[in-house]
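Subject: Structure for you to look at

Hi,

Here is the structure I promised. Please open it next to this email and follow along.

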Amino acid sequence: MKIDNRKLDLQLARQCKIISDLRSVTSSQTLTRIRKGDSIKPSTLGRISQALNCDPADILEGE
């Protein structure tokens, strides 16, 4: 599963947050992998979408 960085940035903006605010739900290394366009685990996607109060499909690439 890959997160679309543009969609992630939109969700962060809606919540008035920055990417480093997501360190409470995942590691810095995972956030770096997301920014590089690497795949992540479904559980990580779930934690990030919960932190942003959005549906996982709202930040998935190609959705």
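Predicted model: local features only at pLDDT ≥ 70, side-chain atom pairs only at ≥ 80, totals over all residues.

Start with cysteine 16, which sits in the loop between H1 and H2. Cysteine 16 counts as exposed because its relative accessibility is 74%. Its backbone deserves a look too. Phi of cysteine 16 is near 55°, a positive value, and the residue is not a glycine. As background, most residues other than glycine have a negative phi.

Asparagine 53 is a second case. Its phi is also positive, at about 55°, just after H3. H3 covers 42–51, and asparagine 53 belongs to the segment that follows. With a relative accessibility of 62%, asparagine 53 counts as exposed. Arginine 14 is 39 residues away from asparagine 53 along the chain, yet their C-alpha atoms are 10.0 Å apart.

Now back to the loop between H1 and H2, which also holds threonine 26. Is threonine 26 buried or exposed? Its relative accessibility is 8%, so threonine 26 counts as buried. Setting aside neighbours within four places in sequence, threonine 26 contacts Leu31, Thr44, Arg47 and Ile48.

Which residues of H3 are buried? They are Thr44, Leu45, Ile48 and Ser49. These residues lie on the same side of H3, because they cover an arc of only 130° around the axis. The face of H3 turned away from the buried side carries Pro42 and Gln50, which are exposed. What lies over the buried residues of H3? The cover includes helix H1 (5–14) and helix H2 (28–36).

Next, the core. The largest nonpolar core has 13 residues. Those with the most contacts inside it are Ile3, Leu8, Leu22, Ile34, Ile48 and Leu52. H1, H2 and H3 each supply at least two residues of this core. In soluble globular proteins, nonpolar side chains tend to be buried together.

Leaving out residues up to four places away in sequence, isoleucine 48 touches Ile3, Leu8, Leu22, Val25, Thr26, Ile34 and Ile59.

Last, the charges. How many salt bridges are there? The count comes to one salt bridge. Its partners are the side chains of aspartate 9 and arginine 35, at 2.7 Å from N to O. The pair links distant parts of the chain: aspartate 9 is in helix H1, arginine 35 is in helix H2, and they are 26 residues apart. Aspartate 9 counts as partly exposed, because its relative accessibility is 37%. Arginine 35 is partly exposed as well, at 34%. In general, side chains of opposite charge can pair when their charged atoms come close.

Best wishes

Terms used. Residues numbered from 1 in each chain as written. Heavy atoms only, no water. Helix = DSSP H or I, 4+ residues; strand = E, 2+ residues; numbered from the N terminus. Buried < 20%, exposed > 50% of the residue type's maximum accessible area, 1.4 Å probe, protein only. Arc of directions from axis to C-beta. Contact = heavy atoms within 4.5 Å. Core = buried A, V, L, I, M, F, W, Y, C linked by side-chain atoms within 4.5 Å. Salt bridge = Lys/Arg side-chain N within 4 Å of Asp/Glu carboxyl O.
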